[in-house]
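Subject: Structure handover and notes on strand pairing

Dear colleague,

Please find below the structure that I am handing over to you, followed by my notes on it.

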Amino acid sequence: MEPGSDMSLQTGELAAGRLPQDGMPRTAIRAHELRKVYGQGDTAVAALDGVSVDFAVGNFTAIMGPSGSGKSTLMHCLAGLDTPTSGQVLLGETELTQLPDAALTKIRRDRIGFVFQSFNLLPMLSAKDNILLPLELGSRKPDQQWLATLVDVLGLADRLTHRPSELSGGQQQRVAVARALVGRPEVVFADEPTGNLDSRSGAEVLGFLRRSVREFGQTVVMVTHDPLAASYADRVVMLADGKLAGELYDPKPETVLDALRQLGA
Amino acid sequence: MGRLVAACLAIVLGVGFGALALTAHSSASHGIDETIGAQYKGVDAYVYPDRESITPATVAKVKALPQVAEVVPSATAYLETSFPGLVRSVSLPIDALYPSTQIASPGTTSGKLPRATNEIALPNKLAAKHNVMLGQSLRITSYEKKSWTVTVVGLIDDQSAFGQGAAVATQAAVKIFEPDGYIQGVKIAGKPGTDPQVLADAVQKVLPSGVQAFTGEGWIEHEVKQYTNGIDVLGGVFGMFAVIALFVACLVIGNTFTIVIAQRTREMALLRCVGASRRQVFSSVLAEATVVGVIASAIGVVFGVALSALALAMSREFDWGIPPVSLHLDLLSIFLPLLLGTIATIAAAVVPARRATKVAPLAALRPDVAPAAASKRGVFRLILGFVLLAGGGALLAMAATEHQVIVGVAGGVISFLGVLAVGTLLVPALIRVLGALPARAGVPSRIAVANAVRNPKRTAATTAALLIGVTLISLTCVGIASVRKTFDVSMDGQYPVDLTVMTYDEKMPPSADEQLKAIKGITQVVPIHKVVVKSKGEEYSVTGIDQATAGSVIHSPALVDKLKPGTALVDYSTLQRLQLKEGSKVTIVSGKNTLTVTLQRGLGLDPFNLTSTDLAKLAPNAPISGYWLATDPKADGSKVIEDVNQSLPSLKELEVSGGLAKRSAYTQIFDVLLAVGIGLLGVSVLIALVGVGNTLSLSVLERTRENALLRAMGLTRRQLRSMLAIESLLMALVAAGLGIALGLVYGWTGTSALMGGQTIDGNVEYAVPVGLLVAIAAIAAVAGLLASVLPARRAAKVAPAGALATE
């Protein structure tokens, strides 16, 4: 089978799953009654206070909320970077909250992709080595055709041998996106991926993330505080004071802004 | 403060080592003062036979002086003593005991001092060795073959004596044992109120020339010097090693401060932003260094003194073959290490402190940027390094060919400074080469290699400390092994036979060779025959040895080659007696048989040696008169000699000689030198490894975000730990490899410079102590791994999420 046809097949399948009203969409990752408490006794602060939320396969979700709303904590708990105080996280069929560190590490390596706001790349590795890092950590062989497709789509072909210090901020972030996608993870988490970029580079990166969802059927969860960035997503989940505070489908910058204003009010 | 702990440890070790050396030295010197002082207690003046011996007449003249109250001549008789259980008697010195009220007599641990001529007191250790009890009788024999039976009435306290003490008997008894005994000296006590100097002057006036009078104190000083010369040399060596240890500690401290300040760049910049002057920043860093230096040095001194107290106590408890001394503290051995440690710490912090003043206030406001790799100073340093290397190398070559030790030392120091200077280039290059292998194993290893060479200056500085220690240890091992091999070859020429046993008039028992072979440490036994022959009216004792087996006991192949029928190997004095030259022929006669042989020089064998075939032509029925033995080089030489001395019980007398006594004496010296050298330098390696661990843990702090990213990407804790282990291992192995290579070069050059002028033919043997060098590399590797344990644990603890949180 040709990769192209494989892709189109996936696209079709996921296009159906993308819309919640189409029966029962498959869930990529699910949080149930998540609580995360920092500190003890009187000084205890609940960063997450009973959050239950599902993220469907092939869907691009943005998590939004004011500073301190718990959006980063939610993402860290979902991604197995942090363990919640109580509640469950289900990645596919796997319950993450009970897993020891080594198993969580393997899951991050093999089933999850990351794009961070800054410091995404290891300075001593070339762009290509950075892209292949999660695969090589797990001694997995990269799918050369998929890698070529990613490099081509992201416009990194002539940058592969460069060190991060020789790349622009936008290029660095595109390398990070390629790294997140190369292992075909079940979910890609992006934490303020455009926070350090100028608006053009930011738009490029967001465009790629959306394309990965539309064309390659990737599931993406993005934390952001920028309504414009959130407007690239299929759905926006609002968080305030560690609680779920609303949802928005097919967001536009204005509708997001409105929703945020209501939260602030 | 926590990050300075490792630097403190380096200072503690360096200072502790110095304090240990000084305390041990002062305790030993003090102990010798006390022991010798006790020996000459009550002695106001002493007469010493400098070039002429002391006659009884002289003693009488001294005694007659009005200032003199008491006179105690030191006379010693040497007698063969038969101890129960021994086959043959051993030689025992017996000192004469004089009644005296002022001058101290030897103390006893049990029993009493002899009063009658048939009584004797033995040194405690000797009595214990031979299981002699009080009241036991001993048979003693003089060289004139006169024998006496004496009773052991007391045991002399020889706890603090140097070497084997002497037995004592009454003055009258010693006079009987050896009527014309040699007087070693005369102890004199003056009448009350006599000034010792006046006394000594008065005594000197009645002494013949060549006999010298000292005051009591003057003599003690003279005697102490005899012993302390050795201790002072040892103290010097200790001191040198302490300085090396402190220097290595300096490197570690300097490195630590550099990193600490690099990490505090923002803090420093903030200080400058709010108005701190450069001078204030500088003095704040120096103040910190001073506090660290004083505290760590104080701990070091306590540690060193405690350790020397422990070592001295243990040497008292267990017999280490050294006279036990008690701990003696003086101000110097406490305050000198304290001062030097503090100064070293401050000195090491000056460069980092100056760097701290260069932090721009703006640095507080922008994110940390990695410093540029190459600066002008870096290039200058490299050029200087290569110049030093070339110059030092040239000096080394000159030292090796001209046998100039001082030039060699200079060349070594200069070229080593060169190596340190080019270290920023050399060490990362070597790490890359060595890292090529693990880098193939996977990403974590590749990252480890990349991390190890990321900051060439820091890596070079870290490895420099280890490099110094390993180089010096390797140098010591290679140098001692080479000098030893050179000695061995030269000894093989001078003393080609380890041991010879011989009897004069008695018959060797038929099983003698088996009995000898059964002794532990004896590897080869070859019989020899002796015959007395005549040539030109003079008698010569001729030795015959089997040509085929001679090679197994004669270590010099050249000599074995010369030994063949028709040739006689003779020593120089035999040539003189024969009035012949090497290569000329001589005819020797035994009874009716005659034999003509060509003379060849044969150093180190018997005076006149033939093959046993030739000897049989002269005396077909000559009995076996002795054996030549080869010994295991690893065996305890003095034990083997003692066992051989006590072997063949059917013989009354057995003469044992050969090169083994000399060989085992120097073997022991080399072993002690090697052990002391390795032990002392090991401390500097220990300090250096503290430095490696220190650098690693600071690098771990610096790379918190990187490591967190790797963990987020799926690097397991185990992979992270092994990554740091590989990084540490690479640094340790490169330092060890480079150090061993340098050690070989310096060790060989040093041997050539030191020994080239000493051997007969100017040839020097170069040894590669493979076992020791591999052990050094292995220890460095293991220690490198250990050094990474704590930093790796800390790195693995960091939660990936926390470290990645945006600021």
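Which residue in the turn of the hairpin formed by β15(B) and β16(B) has a positive phi? B:Gly591 does, with a phi of about 60°, and two residues lie between the two strands of that hairpin.

This is a predicted model, in which local features need pLDDT of at least 70 and side-chain atom pairs count only at pLDDT 80 or more, whereas totals for chains, interfaces and linings use all residues. Residues are numbered from 1 along each chain as its sequence is written, while chains are lettered from A and ligands numbered from 1 in the order in which they are written.

In chain B, strand β15 (residues 585-590) pairs with β16(B) in the antiparallel sense over six bridges (two strands pair if DSSP finds at least two bridges between them), and B:Val589 has B:Thr594 as its bridge partner in β16(B). Strand β16 (residues 593-601) of chain B also pairs with strand β14 (residues 567-570) of chain B, here in the parallel sense over four bridges, with B:Leu569 opposite B:Gln600. Strands here are DSSP runs of E with at least two residues, and helices are runs of H or I with at least four, both numbered from the N terminus.

In chain A, four strands form an open antiparallel sheet in the order β2-β1-β4-β5, and its edge strands, β2 (45-56) and β5 (94-95), each pair on one side only. Within this sheet, β1 (residues 27-38) and β4 (residues 86-91) of chain A are joined over five bridges, and A:Arg35 has A:Ser86 in β4(A) as its bridge partner.

Best regards
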